[in-house]
Amino acid sequence: MDLGLADRVYVVGGGSRGLGFAVARALTEEGARVVLSGRNAASLASAVEALNDHRATGVVADSVDPASPERLVAAALDRWGRLDGALVNSGGPPIGSALDIPDDTWRGSFESVFLGAVRNARVISANLSEGGSLAFVLSTSVRVPIPGLDVSNGLRPGLAMLTKGLSVQLGGQGIRVNALLPGRIRTERTDLVDSGTAGSSSTAIPLGRIGEPAEFGRIAAFVLSPAASYLSGAMIPVDGAATQAY
Ligand SMILES: NC(=O)c1ccc[n+]([C@@H]2O[C@H](COP(=O)([O-])OP(=O)(O)OC[C@H]3O[C@@H](n4cnc5c(N)ncnc54)[C@H](OP(=O)(O)O)[C@@H]3O)[C@@H](O)[C@H]2O)c1
């Protein structure tokens with residue numbers, strides 16, 4: 001199947017490492033071009049080099065900075081003259097229980113995880129070519145709370161409803177909006193979460209193992225691609241069947 005990604009252009013948030021980088025790799029392997037974002041310039045430069053520099057460029061951008069989305073859009077338009085979609089993704093929220101997490105941590109997480117995603121969606125959707133596509137990276141906490149990750153449990157479900165709402169508002173312009181709900185995919189973030197919570201055993205995953213970033217990358221690339229042209233407003237778990245809820 002041809003995903004129709006050749007020469008299409010995507011912004012990939014948090015594209016220097018982990019899930020974002022895996023999505024960037026899958027997109028570029030199918031012929032797309034990507035603008036990667038992240039806070040660390042050296043890490044971004046390594047990612048761009050690993051992807052083959054004529055298909056990728058990096059923009060140092062923090063999701064808490066209100067100016068970031070405009071800079072990402074400008075990078076895509078200046079370099080390649082079009083923008084077809086975005087993986088709306090950034091670093092994960094802090095670990096902890098709502099009984100202990102201080103207000104300032106909630107405020108900071110709202111700025112980064114929630115408002116950062118809203119801003120990206122607002123600015124990027126206004127600049128998309130015909131048939132554009134947004135995919136939010138959320139979490140299975142949209143469906144079932146994760147012990148020890150109450151900021152995620154609190155903020156991600158709101159972003160899921162926002163995804164549904166945007167799919168309705170943008171559908172008339174032919175723009176698709178979906179969300180991906182990773183369960184446990186092997187990244188630096190998973191190591192951090194496991195070390196700060198009780199962790200989770202892969203025996204609780206019906207497929208019997210943690211997921212690999214490339215497996216997430218292929219699904220996200222399909223969702224973003226023109227091949228998924230009638231998929232919108234969907235919450236798509238990528239969790240090896242771990243989430244026991246629709
Ligand atoms: N991996 C999983 O199994 C899993 C499961 C559920 C949900 N998720 C969610 O999926 C997202 C990606 O997870 P991951 O595992 O890929 O994490 P990761 O390995 O820690 O990678 C995070 C990426 O985001 C960038 N980033 C972090 N904070 C940022 C900020 N404030 N502004 C811009 N970029 C930022 C990082 O680069 P810099 O540090 O250089 O900025 C890096 O490129 C997170 O929101 C996470 O909570 C992951």
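Is α1 mostly covered or mostly open, and how many of its twelve residues are buried? In this predicted model, α1 is mostly covered, with eleven of its twelve residues buried.

**Helix α1**
- The buried residues of α1 are Gly18, Leu19, Gly20, Phe21, Ala22, Val23, Ala24, Arg25, Ala26, Leu27 and Thr28.
- At 1.5 Å a residue, the twelve residues of α1 should span 16 Å, and the 17 Å between its end C-alpha atoms agrees with that.

**Around the ligand**
- The ligand is surrounded by 29 residues, and the closest are Gly14, Gly18, Gly91, Gly92 and Arg189.
- Two or more shell residues come from each of α1 (18-29), β2 (33-38) and α6 (188-196).
- Sorted by class, the shell holds 17 polar, six nonpolar and six charged residues.
- Gly18 links two of these topics: this residue is among the closest to the ligand, and Gly18 is also buried in α1.

**Packing of α3 and α4**
- Two packed helices are described by the angle between their axes and by the distance between those axes.
- For α3 (residues 68-80) and α4 (residues 103-125), the angle is about 40° and the axes are 9 Å apart.
- The two helices, α3 and α4, cross in a right-handed sense.
- On the α3 side, Pro69, Glu70 and Val73 make the contact, while α4 contributes Arg119, Asn120, Val123 and Ile124.
- By class, this contact of α3 with α4 has four nonpolar, two charged and one polar residue.

Terms used. Residues are numbered from 1 along each chain as its sequence is written. This is a predicted model: local features need pLDDT of at least 70, side-chain atom pairs count only at pLDDT 80 or more; totals for chains, interfaces and linings use all residues. A residue is near a molecule or strand if its C-beta atom, placed from the backbone, lies within 6 Å of it. Helices (H or I, at least four residues) and strands (E, at least two) are DSSP runs, numbered from the N terminus. Ala, Val, Leu, Ile, Met, Phe, Trp, Tyr, Cys and Pro count as nonpolar, Asp, Glu, Lys and Arg as charged, and the others, Gly among them, as polar. The expected span of a helix is 1.5 Å times one less than its number of residues. A residue is buried if 20 or more other C-beta atoms lie within 10 Å of its own, exposed if 12 or fewer, and partly exposed in between; C-beta atoms are placed from the backbone. Axes are lines fitted to C-alpha atoms, for helices over the stretch in contact, and angles run from 0 to 180 degrees between N-to-C directions. A crossing is left-handed if the near helix is turned anticlockwise from the far one by less than a right angle, and right-handed if clockwise. Two residues are in contact if their C-beta atoms, placed from the backbone, lie within 7 Å.
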